[in-house]
Amino acid sequence: MDCESAISPYYLLFQALALIPVSHYFLAAFFVFLVFLYNFLEIHFLHDLLTLFRGDPVTLTYNSSSDLGRSVAAKCKIFQQRYLVTPWLSSPHIQTAFLTFHGRPPPVTYRRHLFRAFDGGTIALDWLTYSDVLEGASGVIDGSTARKDGKTPIVIVIPGLTSDSTDAYVMHLAFKMARQGWNVVVSNHRGLGGVSLTSDCCYNAGWTEDVRKVIEHIRCEYPEAPLYAVGTSIGANILVKYLGEDGANTPVVGAAAICSPWDLLVCDRFINRRTMQKIYDRALTVGLQGYAKLHQSILSSLVNWEGVEKSSSLRDFDNHATRILGKFEVKKLFFFFYFLYFQSDKGLFVFQTVDTYYRRSSSTNYIGNVSVPLLCVSALDDPVCTSEAIPWDECRVNENIVLATTPHGGHLAYYEGITASGIWWVRAVNEFFGVLRTSPLIKRQKMQGSPVPKPLQSSIDQAPYLNVTGEGMVTAMGNQPREVLQEDTSNNEHKIHSKDEGTISDNRTNFESTDKINSDEQIKQRVEKNVKDLIVPVQARIDKLSRRSRQSIWLLAYIAIVTTWPFVGSIIVSVLKKRFKSFVPGTLFRK
């Protein structure tokens, strides 16, 4: 009895465990590993299985009084249905990885057009039309832009970070829209799409000037074609920021933002929170480092190159490169400020901190000013752009925004079907734009809105730049012949005078009764008209700039004071000396 009580219970337990076959231990370890992997990769296959693969409903968030929201909810059938993830891709991480490494892109043939920016930068515009889809080949063909059929709607695609027209999700979107009869143009970021950097300006999450100029260029090339825009990931942030900056002045009639980060500061905190997110952070950093190495000959002299090579996170890379290369967009009023902006190497327009860059580049600050129909698609399980940054209230307040969210989808993946042959958000964008094309809201907006003018720099981008008249007046020349400009001027004068019938009749009577016409007065009127044509767009830019940022005005005022102080200061000093001479004995100022 004493011997039995002296035996340790742990000894008996070990003896019992020794009787269990070793294979059972391997099975148990494998099961624990599967449970860990299931939770680590956020797999939801069992949830889909228990719900008999019915999928999850799509949640629409919009203003209750918005005609656009009600129209989309009623006419877009895809939002009335459920989204079901491809069963063997039941994880946001697996979906995103599948999109990155495989993606199953359709074969497309782009037609490339190189667009030269105002600072000498080069942007590759890859076009895809319905006829190109029918040809069925893949690759990029050097050539001019797409067929100029005039009124065919154009979709402008803005890819994500380090993405270009050859990425799988871009090819899916371009192929789908082109097959439906749209003209698609992918606006590759600077230095991407196989094009070298030709200036010291690079793209970033808040740089909207390239998108603005590309849209204005396409608008000038196809004045009768409706323009639509789609931004993905960082491209979505750029697109929404651009729409908010330009408001109702943009020629875009409809847009879609897919998996936008919205608030870069929140996403920065999120992507450094968990182990899985840190993997994405590292992967994106490696992609940016590869982008930098492609253009090392230019970037090495502009950024902290040693810091770029040693960057271990997006924040490190942004601190050593993006923050320094990133420039404010508050400068472009006069050609002098263009030169000052792009030639500045003293950090005048550089973001002082990474958080400053994140705050000022976040599109969530510009949502309230979006004035065109905008569809926003986000997945709540997005492993890169967290749902914590989604501006629910801002989207609900703006009547031009419809926010569609799904529980699953990953980052830009949204694969559907048993073979993962299609992407759900591509169908959603196609259906949303189809509703906008036939919607009376767009027609009403076109009738109420004023015609989009030529871009302010269209006469500067192409020679000859200036027109010197006989009297020495300098005016900007347009791209049209002089006879057309005179005809437009006469038409505008006729429209202005038609507002007052009495004045018109008096002018006609005086014109008929007068034998001689004062040519000097006519020349003076034309000169004043040309001056007004130049002042009005500049004044509009100044007004928009003053509404956009008070800091911009203070910056311009500071520059004006510094540049004029040597002259103004000497005048002030001389005036003060004269004033004091009249009150103070003259001996005080004798030499």
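Tyr 38 is partly exposed, its relative accessible area being 24% (buried is under 20%, exposed over 50% and partly exposed in between, with a 1.4 Å probe and protein chains only). This is a predicted model, in which local features need pLDDT of at least 70 and side-chain atom pairs pLDDT 80 or more, while totals for chains, interfaces and linings use all residues. Residues are numbered from 1 along each chain as its sequence is written, and side-chain values use heavy atoms, leaving out hydrogens and water.

Beyond its neighbours within four places in sequence, Tyr 38 is in contact (heavy atoms within 4.5 Å) with Ile 43, His 44, Phe 45, Leu 46 and His 47. Between the C-alpha atoms of Tyr 38 and Ser 91, which are 53 residues apart along the chain, the separation is 8.9 Å.

Turning to a helix pair, the axes of α7 (residues 92–101) and α13 (residues 275–294) come within 12 Å and cross at roughly 15 degrees. Here, axes are lines fitted to C-alpha atoms, for helices over the stretch in contact, with angles from 0 to 180 degrees between N-to-C directions. The two helices are therefore roughly parallel (angles under 35 degrees). Pro 92, His 93 and Thr 96 of α7 meet Met 276, Gln 277 and Tyr 280 of α13 in this contact.

Across the chain as a whole, there are 26 helices and 16 strands, and 46% of the 591 residues count as buried.

How values were computed:
Helices (H or I, at least four residues) and strands (E, at least two) are DSSP runs, numbered from the N terminus. Angles under 35 degrees count as roughly parallel, over 145 as roughly antiparallel, 65 to 115 as roughly perpendicular and the rest as oblique.
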